[in-house]
Amino acid sequence: MTPLILAALAAAALAALCYAALCAASPFGNCRRCGGLGFQLAHDRRGNPKRGKHCRRCRGVGKRIRIGRHLYNVAHRTWRAGTN
């Protein structure tokens, strides 16, 4: 293998390890649709921001589960169901 491929594999492994640590330390992130507010911003006629409707993606909470944490939860749930 060439040194360039080894460096790319090492960088990918490091990025995966860092993402796994992030998912373990902070399993929830801000909702991408509402930006963590839990509602969509609306504006009145003067242009002042006001509270809009609840965000449907996060159901008004403002948080979402990270993809890596969701995959871990599914794998752990499957493993627990198979060992009992």
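Predicted model: local features only at pLDDT ≥ 70, side-chain atom pairs only at ≥ 80, totals over all residues.
R66 is buried, yet it takes part in no salt bridge. The nearest side chain of opposite charge belongs to D44, and it is 32 Å away.

Once the neighbours within four places in sequence are set aside, the contacts of R66 are with Y19, L22, C23, S26, P27, F28 and G29. Y19 and C23 also belong to the contact that helix 1 makes with helix 2, which is described next.

## Packing of helix 1 and helix 2

Helix 1 covers residues 3-25, and it packs against helix 2 at an angle of about 75°, the two axes being 8 Å apart. Angles of 65 to 115 degrees count as roughly perpendicular, and helix 1 and helix 2 are therefore described as roughly perpendicular to each other. On the side of helix 1 the contact is made by Y19, C23 and A24, and on the side of helix 2 by I67, G68 and R69.

P3 is also found in helix 1. With a relative accessible area of 65%, P3 is exposed, because the exposed class begins over 50%. P3 and R51 are 48 residues apart along the chain, and their C-alpha atoms are separated by 54 Å.

Strand 2 (residues 39-43) pairs with strand 3 (residues 49-54) in the antiparallel sense, and four bridges join them.

Of the six residues of strand 3, the number buried is zero, so strand 3 lies largely in the open.

R57 is partly exposed, at a relative accessible area of 44%. This class applies because 44% falls between the limits of 20% and 50%. Apart from its neighbours within four places in sequence, R57 is in contact with C31, R32 and R33. For R57 and R33, the separation is 24 residues in sequence and 7.2 Å in space, taken from C-alpha to C-alpha.

R59 is likewise located in the loop between strand 3 and strand 4. R59 has a positive phi of about 60°, although it is not a glycine. Its relative accessibility is 73%, so R59 counts as exposed.

## Gly62, a buried position in the loop

G62 lies in the loop between strand 3 and strand 4. Its relative accessibility is 0%, and G62 therefore counts as buried. Leaving out neighbours within four places in sequence, the contacts of G62 are with G29, N30, C31, C34, G36 and G38. C31 is also among the residues in contact with R57, and G29 is among those in contact with R66.

G62 and T2 are 60 residues apart in sequence, and the distance between their C-alpha atoms is 45 Å.

Notes
Residues numbered from 1 in each chain as written. Heavy atoms only, no water. Pairing = 2+ DSSP bridges. Helix = DSSP H or I, 4+ residues; strand = E, 2+ residues; numbered from the N terminus. Buried < 20%, exposed > 50% of the residue type's maximum accessible area, 1.4 Å probe, protein only. Contact = heavy atoms within 4.5 Å. Lys, Arg positive; Asp, Glu negative; His and termini not counted. Salt bridge = Lys/Arg side-chain N within 4 Å of Asp/Glu carboxyl O. Axes fitted to C-alpha atoms, helices over the stretch in contact; angles between N-to-C directions. Parallel < 35°, antiparallel > 145°, perpendicular 65-115°, else oblique.
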